[in-house]
Structures are given as C-alpha cells and as structure tokens.
Amino acid sequence: MKQSSSSEASATMRVDYTSAQITGRDLLERTTRIGDLQAVFADEEARLELPPETPVYRVQAHIPAGEAVAGALSFGNTVIEPGRVGDEYYMTRGHFHAKRDRGEYYLGVSGVGALILMDEGRRTCWERMEPGTVHYVPGHTAHRVANIGSEPVSFIAFWSSDAGHDYATIASQGFSARMREVEGEPTLVPA
Ligand code: M6P
Ligand code: ZN
C-alpha cells in the first residue's frame with residue numbers, strides 16, 4: 001500500500017504584472033467613485049462639481065480564510081485613476097488597521113503613486129511607488145495611496161486577513177498632511 005503520494009496542482013489564481021489585474025475565483029471587487037468620497041478630499045466644493053459616478057479607484061481582494069482567522073493572509077490589488085479634486089490627487093480613502101499591530105506589504109506595479117503613511121502620533125511621510133517598488137506598512141500606521149502621475153497607478157497588497165479596516169478614525173481626524181500639486185510638483189502639505 002502506498003504510504004504517501006505527490007502530484008502537481010495548478011495555481012488557481014494569476015496576476016498580470018503589467019496591470020496588477022488578478023484573475024481567478026473568490027475575488028471580491030469594489031469600485032469607489034467620486035460620489036462615495038464625501039469629505040475625503042479637502043476641497044468638497046470641487047468634488048461636488050465632478051460627476052458622482054466618476055470612478056476613482058477599484059480593488060480586487062482574495063480573502064481565502066475569511067476576515068476572522070488570526071495568522072491567515074489575504075492579497076489584492078488597487079488601481080487608482082489619474083485625476084485631482086482641486087489640487088489634491090485622486091487617492092484611496094485610507095485606514096488604520098482595526099487590529100492596530102497588523103502590518104501590510106504594498107508592491108508597486110504600474111504608474112507613479114505616493115504611499116502616505118501616518119503613525120499614531122500623526123507624523124506623516126510618503127514613499128514614491130513605481131513599478132517594482134516594495135513598501136512595508138508597519139502596524140499602528142494609517143496608509144493611503146495617491147496617484148501623482150498621469151497614468152493609472154496599480155499595486156498589489158498583502159495583509160493579515162484579520163487586520164480589519166478602521167475608517168472611522170480617519171473620517172473624524174483625517175491625515176495630518178495631504179498630497180497636493182504645488183507649482184506643478186506633488187507635495188505633501190500639512191493639513
Ligand atoms: C489595498 C489594501 C486594501 C484596501 C485598498 C483600498 O488594496 O490595503 O485592504 O481596502 O488598498 O484602500 P482603502 O480601503 O483605504 O480605500
Ligand atoms: Zn491596510
């Protein structure tokens with residue numbers, strides 16, 4: 001009788017490393033539009049002048065173990081369109097992790113982005129994201145990405161499945177700085 005066996009199984013998911021597009025099963029997909037981003041950008045008047053259905057960014061996420069399992073990992077992508085609300089670049093909503101100690105990796109795939117990081121003391125810095133760049137988001141650090149180029153920005157993310165998203169803290173306190181175009185240059189400006 002055979003004691004063990006080995007066989008080749010094929011990968012069920014694929015990533016296109018030019019666009020960060022993920023194909024496979026069990027993918028959650030979400031598009032966030034201008035109309036969803038109330039009070040996220042500084043210039044609310046400029047946001048209200050844009051068609052609310054305008055897509056700002058889309059996310060695909062693969063969370064095989066669900067969001068409650070400690071130790072499990074999830075991955076996904078984000079694609080942010082180029083554009084601005086007033087002088088502020090299109091960006092993700094941004095969040096702390098609900099479980100504050102959970103970290104995350106972001107891998108730049110296409111376009112030019114700015115990863116904006118803010119610690120719990122509200123110290124903010126940013127890292128340029130380009131194809132091939134790798135970014136570690138430590139625990140206890142809020143994070144969002146702005147598209148500071150003229151092409152879509154895409155990146156792949158890996159995170160602890162049970163990290164959770166705390167949007168409420170950002171909704172009430174915001175980030176301490178915003179990525180704005182100042183004299184033609186992307187500049188992190190204190191809020
Ligand atoms: C990355 C990950 C996701 C996150 C997404 C969009 O793909 O960090 O967990 O949902 O970016 O960011 P946000 O949820 O802040 O809109
Ligand atoms: Zn996160």
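Biologist: How many residues surround ligand 1, and which are the closest?

Modeller: This is a predicted model, in which local features need pLDDT of at least 70, side-chain atom pairs count only at pLDDT 80 or more, and totals for chains, interfaces and linings use all residues. Residues are numbered from 1 along each chain as its sequence is written, chains are lettered from A and ligands numbered from 1 in the order written, and side-chain values use heavy atoms, without hydrogens and water. A residue is near a molecule if one of its heavy atoms lies within 4 Å of it. Around ligand 1 there are 15 residues, and the closest are Tyr-57, Thr-78, Glu-104, His-165 and Tyr-167.

Biologist: How is the shell around ligand 1 divided by class?

Modeller: Ala, Val, Leu, Ile, Met, Phe, Trp, Tyr, Cys and Pro count as nonpolar, Asp, Glu, Lys and Arg as charged, and the others, Gly among them, as polar. On that basis the shell of ligand 1 holds 6 nonpolar, 6 polar and 3 charged residues.

Biologist: What is the distance from an oxygen atom of ligand 1 to an N or O atom in the side chain of Glu-104?

Modeller: A polar contact is a pair of N or O atoms within 3.5 Å; within protein, one must be able to donate a hydrogen and the other to accept it, and residues adjacent in sequence count only if both atoms are side-chain atoms. Thr-78 has a polar side-chain atom 2.7 Å from an oxygen atom of ligand 1, and for His-95 the distance is 2.8 Å. For Glu-104 the distance is 2.6 Å.

Biologist: What share of the area of ligand 1 does the protein bury?

Modeller: Accessible areas come from the Shrake-Rupley method with a 1.4 Å probe; for residues, only the protein chains shown count as cover. Ligand 1 taken alone exposes 370 Å², and the share of this that the protein buries is 97%.

Biologist: Which elements give two or more residues to the shell around ligand 1?

Modeller: Helices (H or I, at least four residues) and strands (E, at least two) are DSSP runs, numbered from the N terminus. The elements in question are strand E4 (55-62), strand E5 (73-80), strand E9 (104-110) and strand E14 (153-160).

Biologist: Is Ser-74 buried or exposed?

Modeller: Ser-74 belongs to strand E5, and its side chain makes a polar contact of 2.8 Å with that of Ser-161. Buried means under 20% relative accessible area, exposed over 50%, and partly exposed in between (1.4 Å probe, protein chains only). Because its relative accessible area is 2%, Ser-74 is buried.

Biologist: What separates the C-alpha atoms of Phe-41 and Gly-174?

Modeller: Phe-41 is in the loop between E3 and helix H1 (44-49). Its relative accessibility is 2%, so Phe-41 counts as buried. Phe-41 and Gly-174 are 133 residues apart along the chain, and their C-alpha atoms are separated by 9.6 Å.

Biologist: What is the phi of Glu-183 near?

Modeller: Most residues other than glycine have a negative phi. Glu-183 lies in the loop between strand E16 (177-182) and strand E17 (185-190), and counts as exposed because its relative accessibility is 82%. Its phi is positive, near 50°.

Biologist: Where is Asp-26 found?

Modeller: Asp-26 also has a positive phi, near 55°, and is a residue other than glycine. With a relative accessibility of 62%, Asp-26 counts as exposed. Asp-26 is found in the loop between strand E2 (22-23) and strand E3 (28-33).
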